[in-house]
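Here is a walk through one protein model. Keep the sequence and the 3D view open as you read.

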Amino acid sequence: MDFTRTYLNFSIIPVVLIILIVSCQHNSESKKTSESQPITLEIDETTNLKTKLTKDVYSDALKVLDEFKKSDLEVMSGEVLNSINFLVMISGYEGSGDKTHYGTMGFNNEDLKYWKEWYEKNKDSLEYEFDYKAF
């Protein structure tokens, strides 16, 4: 009886230790990946936001929305949603899309027209490098 009880106690300890080690290792790896990959606005693969002027990023975002409107796609990609939220952040105009915890989801022709007109009036004031960390 004592041998069985002792054997069970010693066989459980390594299993518990392995579970703890694996879970700690998993938590540290997930923290590393989230810290090493800053959130960026991906307008396209060639965009280098660290050196682009804000007016250029704004113009690129307008192009993304224009292309989406011309397409037959119904579901917005992350690129489209990032572009909408960038335009909202810079212009201050939230548009008609649904407001969620993640930002504005969706836009219509009037929103796009407003953002284009805002850009034409204010593009000279956007002559500074875009700080992708702030986004």
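A residue counts as exposed when its relative accessible area is over 50%, and as buried when that area is under 20%. The model is a predicted one.

Helix H4 covers residues 109–122. Its 14 residues should span 20 Å at 1.5 Å a residue, and the end C-alpha atoms are 20 Å apart, so the two values agree. Which residues of H4 are buried? They are Asp-111, Leu-112, Trp-115, Trp-118 and Tyr-119. These five cover an arc of only 125° around the axis, which means that they sit on the same side of H4. Asn-109, Glu-110, Lys-113, Glu-120 and Lys-121 are on the other side, and they are exposed. An α-helix has 3.6 residues a turn, so residues three or four places apart point the same way.

Next comes the nonpolar core. The largest one has 21 residues. Among those with the most contacts inside it are Tyr-58, Leu-65, Ile-84 and Leu-87. Phe-86, Phe-107 and Trp-115 also belong to that group. Helices H2, H3 and H4 each give two or more residues to this core.

Now look at the aromatic rings. The structure holds six aromatic pairs. One of them joins Phe-68 and Phe-107. A ring pair is described by the distance of the centres and the angle of the planes. For Phe-68 and Phe-107, the centres are 6.2 Å apart and the planes are 50° apart, a tilted arrangement. Phe-68 lies in helix H2, residues 54–70. Phe-107 lies in the loop between strand E2 (103–105) and helix H4. The pair therefore ties together parts that are 39 residues apart in sequence. Both partners are under the 20% cut-off for buried: Phe-68 has a relative accessibility of 12%, and Phe-107 has 9%. Phe-107 has another neighbour. Lys-69 lies over the face of the Phe-107 ring, at 4.9 Å from the ring centre.

There is also an aromatic cluster. Tyr-58, Phe-86, Trp-118 and Tyr-119 form it. Trp-118 and Tyr-119 are among the buried residues of H4, while Tyr-58 and Phe-86 are among the core residues with the most contacts.

Finish at helix H3, residues 78–91, where Asn-85 is found. Is Asn-85 buried or exposed? Asn-85 is buried, because its relative accessible area is 15%. A polar atom of the Asn-85 side chain lies 2.7 Å from the backbone nitrogen of Thr-104.

Conventions: Residues numbered from 1 in each chain as written. Predicted model: local features only at pLDDT ≥ 70, side-chain atom pairs only at ≥ 80, totals over all residues. Heavy atoms only, no water. Helix = DSSP H or I, 4+ residues; strand = E, 2+ residues; numbered from the N terminus. Buried < 20%, exposed > 50% of the residue type's maximum accessible area, 1.4 Å probe, protein only. Polar contact = N/O pair within 3.5 Å; in protein donor to acceptor, adjacent residues only side chain to side chain. Phe/Tyr/Trp six-rings, centres within 6.5 Å; stacked < 30°, edge-to-face > 60°. Lys NZ or Arg CZ within 6 Å of the ring centre and 35° of its normal. Core = buried A, V, L, I, M, F, W, Y, C linked by side-chain atoms within 4.5 Å. Expected span 1.5 Å × (residues − 1). Arc of directions from axis to C-beta.
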